[in-house]
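Work through the exercises below with the sequence and the coordinates at hand, and try each task before reading its solution.

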Amino acid sequence: MVKETKRWWKEAVVYQIYPRSFADSNGDGIGDLNGITAHLDYLQLLGVDAIWLSPVYQSPNDDNGYDISDYRDIMDEFGTMEDFDRMLAEAHKRGIRIVMDLVVNHTSDEHAWFVESRKSRENPYRDFYFWRDSKDGREPNNWGSCFGGSAWEYDEATDQYYLHLFSKKQPDLNWDNPAVRDAVFDMMNWWCDKGIDGFRMDVISMISKEPELPDDPAPKGLYGDFNPFVNCGPRVHEYIQEMNRRVLSGRDLLTVGETGNISIEEARRFANADESELGMIFQFEHVELTPGRAGKWTTEKPTLAALRKSLNKWQTGLEGCAWNSLYLDNHDQPRAVSRFGNDSPEFRVRSAKMLATMLHMMKGTPYIYQGEELGMTNAGFVSLEDYRDIESLGTYRDLVGAGVYTPEEMMACLQEISRDNARTPMQWNDSENAGFTTGTPWIRVNDNYREINAAAQVDDPDSVFSYYRALIRLRHEDPAVVYGTFVPMLEEDPAVYAYRRVLEGDHTLAVYCNFTSEEVPCGWDCGEVLLSNYAGHKADLLQPYEAIVLRVG
Ligand code: TEU
Ligand code: CA
């Protein structure tokens with residue numbers, strides 16, 4: 001067995017903050033940096049070691065900050081650089097590190113680089129982006145944007161199209177241009193020199209495109225799929241290794257790449273143990289288990305069998321050669337307890353704790369998305385006017401417009417899958433707007449905030465919050481949770497997800513999770529109960545959504 005190199009980020013639990021929805025300190029209905037600073041004690045109480053901060057840079061907010069117009073300035077709505085410096089210092093005082101969101105596959109169309117680039121075909125910044133002539137009077141190829149429509153936007157001033165894999169206000173940077181790499185690495189070093197502790201790297205597996213930008217030869221939908229020509233492209237590892245040499249190496253940073261649609265083999269390269277690229281990656285397989293006639297847009301629930309097959313594959317596939325991230329929730333995903341658990345009043349708390357146990361006892365760095373520690377649920381929006389997300393609204397327009405779904409079917413898909421499910425305001429207490437703002441929130445607060453909020457949980461030993469605290473404490477205290485080998489158990493069981501964690505020559509933990517609302521047979525009683533979401537247990541069976549962590553040797 002390969003001896004794991006000990007690193008702080010392998011032993012850490014990371015909390016993701018989506019600043020727009022976390023805490024509003026000045027009554028404008030939008031979360032901000034001073035709101036984060038005001039709640040650092042809450043995060044210290046939870047016990048997390050680091051915060052992944054979704055983008056806080058200057059942005060016109062076409063994609064809520066994932067469209068950056070100035071990498072070295074703070075978004076007006078979030079505050080000032082002084083506010084950022086204060087938040088960073090206050091977090092460090094509490095032993096909490098700050099990981100920034102690095103969005104360098106694309107910029108905003110309002111970034112100075114793009115403003116210059118679009119001025120003329122001879123502008124020195126022209127090749128910072130992908131500009132192409134029309135082909136047969138149409139877009140240069142048949143690629144579709146992630147947010148609906150073509151991936152190309154015509155620019156009349158220079159009679160060419162520019163590439164945008166996301167919104168038309170998010171033009172893709174041309175990483176083949178060494179001047180782009182110089183500018184990005186210079187910016188990264190500037191942030192590192194300010195004292196930040198790492199980067200989450202947005203769609204980093206997409207930064208190297210097939211130079212020919214070829215058509216998808218067999219488009220299935222309204223547009224062609226760009227992934228085969230963009231994901232893990234020809235020079236992606238060359239560029240990440242250059243980033244490692246010029247920025248990351250020699251600094252003790254947490255680095256996690258967002259790398260959707262990749263294989264175990266690719267992940268081993270991005271997150272390899274020799275640390276020549278990144279520390280770890282976010283793979284998407286377990287959050288994309290129900291591809292339907294319109295990609296991820298479905299009301300179909302993932303099964304335990306599919307979830308276990310995927311997570312076990314990633315646990316055993318990276319064992320000893322690369323480091324995993326562990327997540328069920330983030331700002332792009334529906335709420336875990338609604339998607340994978342049971343958000344009914346009877347089972348929401350039990351199943352939220354069960355899901356947390358299943359995830360946090362695995363091998364890798366766990367990520368808690370804001371509100372997950374409270375058991376917050378999907379938004380349940382019934383009106384299209386309640387949605388704010390550019391992806392949800394663009395997809396509704398495209399799929400209903402093309403007759404793929406009726407409006408009712410698409411609304412049901414949005415309720416199940418929309419990113420806005422995770423972007424409703426953090427629920428702090430049972431006062432108006434859940435204590436998120438004294439103004440009008442930029443997006444509706446979930447109607448269940450009076451029952452589900454932090455104030456009702458922080459002092460309740462039986463709350464989801466207190467359970468997350470206990471899980472984090474167990475990870476901090478028991479080295480088997482961090483460094484123990486993952487060994488699957490009961491791989492065909494229809495109801496129970498079980499596995500062991502073996503710290504060679506030391507001790508072994510066993511984890512049993514009932515994914516159903518029924519009592520099920522399970523011979524779990526084989527050791528000392530370290531943690532459970534039930535106070536009492538029954539031999540040879542698991543109660544509804546029961547989770548048990550045992551020391552078995
Ligand atoms: O997400 C990229 C990405 O793959 C998701 O947009 C995904 O396509 C979908 O939303 C969830 O399956 C990153 C950021 O996390 C996302 O918030 C941004 O919108 C996107 O990149 C563009 O920066
Ligand atoms: Ca505010």
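This is a predicted model: local features need pLDDT of at least 70, side-chain atom pairs count only at pLDDT 80 or more; totals for chains, interfaces and linings use all residues.

Residues are numbered from 1 along each chain as its sequence is written, chains are lettered from A and ligands numbered from 1 in the order in which they are written, and side-chain values use heavy atoms, with hydrogens and water left out.

**Exercise 1.** Identify the protein donors of the calcium ion (ligand 2) and state their spacing along the chain.

Solution. Donors are N, O and S atoms within 2.8 Å of the metal (3.2 Å for Na, K and Ca), and since water is not among the atoms, sites may look incomplete. With this criterion, the protein donors are Asp 24 (OD), Asn 26 (OD1), Asp 28 (OD), Ile 30 (O) and Asp 32 (OD), which lie 2.2 to 2.4 Å from the calcium ion (ligand 2). Along the chain these donors follow the spacing D-x1-N-x1-D-x1-I-x1-D. For accessibility, buried means under 20% relative accessible area, exposed over 50% and partly exposed in between (1.4 Å probe, protein chains only). Asn 26 therefore counts as exposed at 51%, whereas Ile 30 counts as buried at 10%.

**Exercise 2.** Describe how helix 11 and helix 14 are oriented to each other, and which residues make the contact.

Solution. Helices (H or I, at least four residues) and strands (E, at least two) are DSSP runs numbered from the N terminus; axes are lines fitted to C-alpha atoms, for helices over the stretch in contact, with angles running from 0 to 180 degrees between N-to-C directions. The axes of helix 11 (residues 348-360) and helix 14 (residues 464-477) come within 10 Å and cross at roughly 15°. Angles under 35 degrees count as roughly parallel, over 145 as roughly antiparallel, 65 to 115 as roughly perpendicular and the rest as oblique, so helix 11 and helix 14 are roughly parallel. The contact (heavy atoms within 4.5 Å) is made by Val 349, Ala 352, Lys 353, Ala 356, Thr 357 and His 360 of helix 11 and by Val 464, Tyr 467, Tyr 468, Leu 471 and Arg 475 of helix 14.

**Exercise 3.** Carry out the corresponding analysis for helix 12 and helix 13.

Solution. The axes of helix 12 (residues 390-401) and helix 13 (residues 407-417) come within 10 Å and cross at roughly 150°, and the two helices are therefore roughly antiparallel. Ser 392, Thr 395, Tyr 396, Leu 399 and Val 400 of helix 12 make the contact with Pro 407, Met 410, Met 411 and Leu 414 of helix 13.

**Exercise 4.** Locate Val 203 and Asp 540, and give the phi value and accessibility class of each.

Solution. Most residues other than glycine have a negative phi. Val 203, in the loop between strand 9 (198-201) and helix 6 (227-230), has a positive phi near 35° and, at 9% relative accessibility, counts as buried. Asp 540, in the loop between strand 18 (528-532) and strand 19 (541-542), has a positive phi of about 65° and, at 48%, counts as partly exposed.
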